[in-house]
Amino acid sequence: MLFNSIEFLIFLPIVFCIYWFVCNRNVRLQNAMVVAASYVFYGYWNWRFLALVAFSSIFAWGLGLLGGAAPARPCSTTGQLKGPLPARGSCAWRPKACVWASVVVNLGILCFFKYFNFFQNEVVSLLNMLGFHAHVWTLKILLPLGISFHTFQALSYTIDVYRGDIKPTRDWISFLAYSSYFPQLVAGPIERATHLLPQFLAPRTFDYAQAVSGCRQMLWGFFKKVVVADNCSELANLILDGKVEGSGTGLAYWLGMLCFTIQIYGDFSGYSDIAIGCSRLLGINLMRNFAYPYFSRDIAEFWRRWHISLSTWFRDYLYIPLGGSRCDKWKRVRNTFAIFLVSGFWHGANWTFIVWGALHAMCFLPLLLLERNRTNTGVAAEGRALPSWKEGWQMTVTFTIVLLAWVFFRAPNVTTALSWLSSMVTLQGGLLVKGVGLSKFVNLLGGIVVLFGVEWANRKWPYGLERLPSSRALRYSLYVALSVAIVVFRGGQQTFIYFQF
Amino acid sequence: MKKFGVNFLIFAVLLACCLAAFILVTVLSFKSINNMSFRVDADTVIVGHSMPECAVDDSLLSGVLNWSSSGEGHYISYYKIRRLLERNPNIRYVVCSFSPWGDEDVVRLDKDYCYGLGCILPFLRLSDFKDLPRIRVLAWEKALRDYWTLWMTKPFGAVQLSAWGHYLGRKQCNVDKDRRYAEKVVCDQKTFKPTRHIRLIQQVCAAHGAKLILLQTPVYDKSRWFADVSWIHAKYFSDIEYWDFGSLELPKECFSDINHLNETGAHAFTKRFESKLTDLRSAAK
C-alpha cells in the first residue's frame, strides 16, 4: 500500500478511529491493533512475505529473551563494571551466541533476497575471466518490500539487548508492534529499540497539539512527494532515459540530474514526513530522518542531515565498534571507507552504489583527517534571512558534489554513469529538450520554489510546516492551498524510490 | 479529541468546496474557450489512436485535420466525433482508426487512466454515462487534471494532450528495439467482442450527412502485431468503408516502432492517403 493512494486515505482514518475509540482502554489492545494494521498494510503489497516479517520479528524477540545482556565487564575508560552481573548458573557464551545468530540470520535473509544474484554474477564473471566455464544460475527472487529497513531494525534490538542498553521484553505483542510498525516498516526511519519500544510499552493518550502537528507534517510530506518529487521524476526519467529529443547532451544531463537530486530528496524526506506525521497521530514519536540536507555547507554536515537513521545506525553498530575516530589515522581512513562502502552497498546490489559510497568517502575523508568534520554543526545563516556569500558558496559546492555523486545512484551501470559525467563536465551539445510541455516546467519550478522557500524559512524546526502564522484563517488557507496543489499539480503516480531498498 | 475532529471537519469541508469550485471553473472555462470549431476549412477529419496520429501529416494535405490522440479508444472517438460534427457542419468525411480492442480492453490497459477522457469531459451528457465502459474513480480524477492541463497549455482549440505528439521520436527507427517485436500478439476470434461504439459513430455520422471510413495504418510486421483485423471488419462491419493499409510495404526506416510510422514514413504514407481521399472526393462529385 502506498501512502499516496486512495487505499491509504481510507486505511488511516479507520486505524485512527479504532486505535483511539475502541482500543484506547488497554495498551495491549492498542498494540495488537497496530500489529494487525501493520500486517494489513504490508500484506496489501504481497501477503506471501508476511511470514518473513513475522519470522524475523519473533526470531529477534526470542533471541533477546534467550540471550539477554552480555555479562558485566569493566568500562575501558573508568574501570567500572558496565552491564548487568550475570545471573547464577547462566551461560556466559549465550548472549554473544544469540547476537551472532541474529546477525547471521538477518544479514543472511538480506543477502539472499537482495544480493544473491549480484554475488553469483560476479563470481561467475571472475571464474570465466580465470578460464573456468561457470554458468549463471539466476533465481527470480522477488525483493520483499523494505527488507533492508526491517532487518536492520530487528538486528539493532538484539545488539542493544546484548549491550545492556535495553532490557529484553517479554511482551511479544509490543515487540511485534515495534518491529512491524506500519508507518516506518517499508522505508524507515530505521528506529532503535531504545527509542521506540518503550513507547509501545507505555500507555498513550491523545494529544491535540501532537495530532495537529502530525497532520501538518503529513500534508507537507505529501506535497514534497506528490507535487515536487513525482513531477521531477517525470522530467528526470524523460531526459535520463533518452525518451525526448535533445536528451543526451551535457546540459540536458545537468537538468536531468538536477531533477533527480530534487526528486530523491522530495521522495524520501516526503515519505519520512508522512511516516512521522502518521505516527504522531497515533501518539508515537519516530526519530527525525532528514534535517534539510541540501542546505549543508560541507559533506560532513550533509551526512549529519541525510537519512539520519541509517547513518547513525552504521555509526553506532559498525563505525564505533571498529574503533571509530579514536584510533590511528589509517584505521580512521579504513573505518570511514568501510562505513561508506557498506552504506552504498546497502542501497542496492550494483557497483554503482558502491562507487557512490566511495565518492562520498573520498569527499568526507579530508574533512575528517583535518578535523574539520564538525565545523558546521548549527543551522545555516542562523538569525539571518539569507546566507552570507561564504555560506552560499559552500552550500552551492556541497550541492554540486552531491548532485554529481547521485549520477552513480541513478545510472544503471558504472559505464553509463561515467559517460553521463563526461558529457556533463565537457558540456557537449546544447540544451534543447523537446517534447516536454511548458506546464510541466511551470509546475515543477513552482513546486521547487515553494519547497525550498518554506524549508529555508523553517530550517530551525524539525519540518517545513512546523511554525505557521498564528491567524487561523491564514493557516487554513495554507492547508487548503497545499491540498489543492497536491490534487491538481501532482505528477504521475510513482512508487517511493526507497521502497526498492 | 473533539476539537481535533471538529477542526478536521472544517478543513475537509473547506477543501471540498475549493475543489468543487475549481472543477466548475475549469469545466465552464473550457467550454467557452474550446468548443471544437475548426479554424480552417476542412471537410475531412481523422480521429483515433496513435497509429493514425503518427501516420498522417495533415500539414501536407488540404482540407484535412488529424485530431487523433494516442491511446484513444473508440468510445472516446465517438464523443469527439459527435462534438466535431455538431460544431463543424462542413465535415464530409470522418476517418476513424480501426483496432481490435473492445472498449473494456482499452479501459483495462491502464486501470487508473483513460486516455483522452479529459478532453471529452465537457461534452459528456448524463445519458452518455450508460454507454461508457466501467471507468475507475482515479481515472476520472486524472481526466479532470488532464483537462485542466489542456486548458493551461493550449487554450485555443487543441484537443490533444500536450505530451503525446512527441513520445515516439519522429526521427528514430527503433523497430529492432521494440520488445513487442519478439511477441506474437493475436486477436482471439472465439472471445472477441466488437465495440458498440463503432456503430454509434456510424449513426452520428449518418445523422450529420458525413461518411465514415475505418482506417488501418501500416505496420511493420503483420504476423507479429495483431494488425490483421480485416476479419473483424468482414464479420461485423462489412457495410462500412475500410481502408486497409496494414499490408502496405514500407521499408523499416519508415517505422518508429513496429506499429507506428516515423516522420519519413508519415510523409510516404500521407501521399497514399491523399490519393485515396482524392478518389473518394471525385467519386462523390
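The model is predicted, so local features are given only where pLDDT is at least 70. In chain B, 5 strands make an open, parallel sheet, and helix α9 (residues 263-284) of chain B packs on that sheet. Over in chain A, helices α5 and α6 pack at an angle of about 135 degrees, and A:Ser343 counts as buried.

**Chain B overall**

- Chain B has 9 helices and 7 strands in its secondary structure.
- Of the 285 residues in chain B, 52% are buried.
- Take the contacts in chain B between residues at least 6 apart in sequence: 78% of them join residues at least 24 apart.

- Helix α9 of chain B touches β1, β2, β3, β4 and β5 of chain B, and its direction makes about 155 degrees with that of β5(B).

**Strand by strand pairing**

- Strand β1 (residues 44-47) of chain B pairs with β3(B) in the parallel sense, over 4 bridges; here B:Val45 sits opposite B:Val94.
- Strand β3 (residues 93-97) of chain B pairs with β4(B), also in the parallel sense, over 5 bridges.
- β4(B) and strand β5 (residues 241-244) of chain B are joined in the parallel sense by 4 bridges, with B:Leu215 opposite B:Trp243 in β5(B).

**How covered the strands are**

- For β3(B), 5 of its 5 residues are buried, which leaves the strand mostly covered.
- The side chains of β3(B) split by direction: B:Tyr93, B:Val95 and B:Ser97 point one way, B:Val94 and B:Cys96 point the other way, and all are buried.
- Strand β4 (residues 211-216) of chain B has 5 of its 6 residues buried, so the rest of the structure largely encloses it.

**Helix packing in chain A**

- Two packed helices are described by the angle between their axes and by the distance between those axes.
- Helix α5 (residues 147-163) of chain A meets helix α6 (residues 172-179) of chain A at an angle of about 135 degrees, and their axes are 10 Å apart.
- α5(A) and α6(A) are therefore oblique to each other.
- On the α5(A) side, the contact uses A:His150, A:Gln153, A:Ser156 and A:Tyr157; on the α6(A) side, A:Phe175, A:Tyr178 and A:Ser179.
- By type, the residues of the α5(A) contact with α6(A) come to 3 nonpolar, 4 polar and no charged.

**A buried serine in chain A**

- A:Ser343 lies in helix α13 (residues 329-347) of chain A.
- The relative accessibility of A:Ser343 is 6%, and under 20% is the cut-off, so A:Ser343 counts as buried.
- Beyond its neighbours within four places in sequence, A:Ser343 contacts A:Leu310, A:Phe314 and A:Trp356.

Technical notes: Residues numbered from 1 in each chain as written. Chains lettered and ligands numbered in written order. Predicted model: local features only at pLDDT ≥ 70, side-chain atom pairs only at ≥ 80, totals over all residues. Heavy atoms only, no water. Axes fitted to C-alpha atoms, helices over the stretch in contact; angles between N-to-C directions. Helix = DSSP H or I, 4+ residues; strand = E, 2+ residues; numbered from the N terminus. Parallel < 35°, antiparallel > 145°, perpendicular 65-115°, else oblique. Contact = heavy atoms within 4.5 Å. Nonpolar A, V, L, I, M, F, W, Y, C, P; charged D, E, K, R; others polar. Buried < 20%, exposed > 50% of the residue type's maximum accessible area, 1.4 Å probe, protein only. Pairing = 2+ DSSP bridges.
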